[in-house]
Amino acid sequence: MASTSLSAGPGTRRRRVSTITWRVLTYVALVLIMGPAAWLLLGVLARALPHWHWSVLWTTLTPTGGGLRDQILGTLILMLGVFIVAGTIGVLAGIHLAELARPRRRSGKASGGPLRTASDILAGFPSIVLGYVGYVALVVGLGWGFSLLPAVIILSIMVIPYIAKTTENSLRQVPTGYREGAEALGMSMGYGLRKVILKSALPGIVTGLLLALAIACGETAPLIYTAGFAPTLPHSLTHAQFPYLTYVVYQYYNAPEANYHYLAFDAALILVVIVLLLLVSSRIIVSRTQRHSESARGTRSKRRWRRQPLDLTDLPR
Amino acid sequence: MASVGGVAGSIPATPHTESIGRPPLPKRLGRFARNNEERVWRGSAWIAVVLPLAALVFAVTVLAVKAWPAVRVNGWYFLYGRNWTEGSGYGAVVHTDGVAHPMGAQYGAWAILWGTLASSLIAIVIALPLSIGAAFALTERLPGWISRPLGFAIEILAGIPSVVIGLWGILTFGPWLAKYVYPIIADHAPNVPVLRYFRNPVGGGEGLLSAGIVLSLMIVPIITSTTRDLFMQVPPLPKEGASALGMTDWEVANKVTLPWVRSGIIGATVLGLGRALGETIAIVMIGGAVLRIPMNIYQPFTTVAATILTQLDGAFTDGTGFAVATLAELALVLAVISVAVNLIARLIITRTSRIGAPVGGV
């Protein structure tokens, strides 16, 4: 009786159709995302490869074409600057939020309330607004001119909240047992932090840093108004415009000369390669070190099998 | 380590018993160097966490100080006005409320705000269903060996520089859309109120709809990855129970999984909205950065971010500095909207990402 009503009930046909439709739609959605994404990557390759010369990597930009050596170096120097400035500040800020700030007694909420809120607000600032602030305050206001220093400062401000967040999160995933063990062995707070806690949180921190660098090297809008642009590397931190890759893509793709188009495509390809290298290495770090990260909150068995995803939610842009 | 040996040796009658559960107290160890190390850690970490706060205060102060003359002169007209003119660059300087500006300068940002909202809305409308569907396919249907690489591909998409996406959008994707997709929509759109905006002419692929579609591609990674993480947090028992009751895939998704994480998805969407509002370079390349409200959905337009980028250079030709002040006001408006959107999203997400306990009392 029951089985007949199940198999031939009034809603059965509709339900079967709805299920099939639903399944098909989810796959269609996946294809509609992956298709353009693959097209994008292949498109960059397809535009750059036909005119690719390896000499792009070691010749400098000339009025008729040339290569992108100094632009590539400039982007790498910018990344290095961001790594030093934002890496130091962001990681230390994350350590403060996760380990050092005292939790609020009454509410039992996470520590460092107002500072965390400031970091969250800063993370919400669009990069162009930060670029505007850099232009008005640093480039014009302090008279530094378009140069490396304001560019590194503005890019660092942009990614510090993200680095702090990923550092804090990965520190929070260090099992409580590690801290208790360090304490039980009589380690001082600084020693234990260095040798035990930071060591096991390092993969997560490095992953966050790599992603932040990937974002920093692909940024254009704030750089246009802080770094300016130059065909060759300057010898000064201030008062000298600075070369970088994204500007080449932005300005040269519709330049009058065909040679410049090719440079734009080459720059796009080099950018994609840099970003891919950073993302792949962060992914490798994450998958190599799965064992270390385990939730400190007791829901171990459930969480252990969860693949740790990269934190895209707070990526700056 | 060696100096601690004495303490470690006396574990049974440890003097440390009372300090268990508290942070280790180096002063009990009595070593100056260690005391100092902690002080260095604490000091530098404190400085590091205060610096972003200082940067925030600095940025807000710069924006507010720069924007204040413009706020006073432009007034509310800034938000609803449709006329955006710098005034005469050569002639008379007028003073309004003690603020100098060129004669005839009038800044109404309605078209700019409209473009920002419209492009972000298009992006959300496209990205949200795609992301939910893709997240479902990734978590519920596909085996790990497929879904893991695909998840990584989505992460790559999040990392691709927006200028590269813009390049592809203006040279490849936009023209393709204008040639093969838009004519189909435009030829069949009826002449009724909203759908009228979808009618001809379709242009060359540089415009509002192209920018919205590309923008949706840029926010899809955020929404998909957040939604995927949320789906993974839904405990399996309610889903299995629903399946055991004879629910189909669609019913389990619709009645169990989605309600479980609904507010988290809303949070992720708002976060994507915040990203879309602030996107600059891809919009400048694909949207055309033309300051007017487009006649149909295929025409060039501009957004707040795009206007700041494209007009800041020219604004410095205004000797009174009023154009720069107006751009500061624009930046301030964008920052306020974007920060508000971002904070709301974070609030929703942090509130819902701790859904350890079943919502429906299962």
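Reader: Which residues of α2(A) are buried?

Author: In this predicted model, a residue counts as buried if 20 or more other C-beta atoms lie within 10 Å of its own. By that cut-off, the buried residues of α2(A) include A:Thr26, A:Ala29, A:Leu30, A:Ile33, A:Pro36 and A:Ala37.

Reader: Against which helices do the buried residues of α2(A) pack?

Author: Within chain A, the partner of these buried residues is α11 (258–288). From chain B, the helices they pack against are α5 (110–141), α6 (144–159), α7 (162–188) and α8 (208–233).

Reader: How far apart are the end C-alpha atoms of helix α2 of chain A?

Author: Helix α2 of chain A covers residues 12–48, which is 37 residues, and at 1.5 Å a residue it should therefore span 54 Å. The model agrees with this expectation, since the end C-alpha atoms are apart by 54 Å.

Reader: Which helix of chain B gives the largest share of the side that touches chain A?

Author: In the contact between the two chains, 85 residues of chain B meet 85 residues of chain A. Of the chain B side, 19 residues come from one helix, and this largest share belongs to helix α3 (residues 32–74) of chain B.

Reader: How many contacts beyond four places in sequence does the model have for residues 292–306 of chain A?

Author: Chain A averages a pLDDT of 83, but over residues 292–306 of chain A the pLDDT stays under 50. Where pLDDT is low, the predicted coordinates should not be read in detail. With that caution, the number of contacts beyond four places in sequence for residues 292–306 of chain A is 20.

Technical notes: Residues are numbered from 1 along each chain as its sequence is written. Chains are lettered from A and ligands numbered from 1 in the order in which they are written. This is a predicted model: local features need pLDDT of at least 70, side-chain atom pairs count only at pLDDT 80 or more; totals for chains, interfaces and linings use all residues. Two residues are in contact if their C-beta atoms, placed from the backbone, lie within 7 Å. Helices (H or I, at least four residues) and strands (E, at least two) are DSSP runs, numbered from the N terminus. pLDDT is the predictor's confidence in each residue, from 0 to 100. The expected span of a helix is 1.5 Å times one less than its number of residues. A residue is buried if 20 or more other C-beta atoms lie within 10 Å of its own, exposed if 12 or fewer, and partly exposed in between; C-beta atoms are placed from the backbone.
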